[in-house]
Amino acid sequence: MNKDIQSLRDRTRGFAHRIIRLYMALPQSDPAHVLGKQILRSGTSVGAQYREACRAKSNADFISKLEGALQELDETAYWLELLSDVKLIEPDRLKPLMDEADQLTAIIVTMTKRVKQKESA
């Protein structure tokens with residue numbers, strides 16, 4: 001397996017692990033429970049979407065799966081912002097996860113653009 005592919009697989013899985021730990025650290029309240037379920041679903045889906053992209057049957061399928069991962073990352077960033085805004089978790093504790101979501105987004109956007117450019121060349 002390509003080293004870059006494995007590295008991004010590891011990174012998205014690590015992101016999911018961090019999201020799971022965040023979920024487990026949330027206070028026992030209704031708002032935390034609702035937001036926690038949302039972030040748990042979207043944050044752990046990023047790696048699954050990426051793994052599906054790695055098994056894509058075509059460039060169009062690859063792009064579609066990567067765009068699914070981007071949607072999940074964007075949704076996760078939204079839930080992280082809400083958790084921060086209402087201070088269910090201290091904003092400083094969420095910053096590293098927010099930064100990782102931004103970095104993963106940048107990486108996947110770049111990958112998507114490259115494939116699209118190859119397709120149109």
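Biologist: Why is Thr105 called partly exposed?

Modeller: In this predicted model, Thr105 has a relative accessibility of 27%, and since buried means under 20% and exposed means over 50%, with partly exposed in between, Thr105 counts as partly exposed. The place of Thr105 is in helix 4.

Biologist: What makes Asp85 count as exposed?

Modeller: The relative accessibility of Asp85 is 55%, and because the cut-off for exposed is over 50%, Asp85 falls in the exposed class. Asp85 is found in helix 3, and together with Asp74, Glu81 and Asp102 it gathers in a patch of negative charge on the surface. Helix 3, residues 59-85, gives the largest share of that negative patch, namely three residues.

Biologist: How do you know that the span of helix 3 agrees with what its 27 residues should give?

Modeller: The expected span is 1.5 Å times one less than the number of residues, so the 27 residues of helix 3 should span 39 Å, and the end C-alpha atoms of helix 3 are 39 Å apart, which agrees.

Biologist: Why is Lys87 called exposed, and where is Lys87 found?

Modeller: Lys87 has a relative accessible area of 54%, and because exposed means over 50%, Lys87 is placed in that class. Lys87 is found in the loop between helix 3 and helix 4, the latter being residues 91-120.

Biologist: What is the phi of Lys87, which is not a glycine?

Modeller: Lys87, which follows helix 3, has a positive phi of about 60° although it is not a glycine.

Notes. Residues numbered from 1 in each chain as written. Predicted model: local features only at pLDDT ≥ 70, side-chain atom pairs only at ≥ 80, totals over all residues. Heavy atoms only, no water. Patch = residues over 30% accessible without salt bridge, like charges linked within 9 Å, V, L, I, M, F, W, Y side chains within 5 Å. Areas by Shrake-Rupley, 256 points an atom, 1.4 Å probe, with all protein chains shown as cover. Salt bridge = Lys/Arg side-chain N within 4 Å of Asp/Glu carboxyl O. Lys, Arg positive; Asp, Glu negative; His and termini not counted. Charge placed at Lys NZ, Arg CZ, Asp CG, Glu CD. Helix = DSSP H or I, 4+ residues; strand = E, 2+ residues; numbered from the N terminus. Buried < 20%, exposed > 50% of the residue type's maximum accessible area, 1.4 Å probe, protein only.
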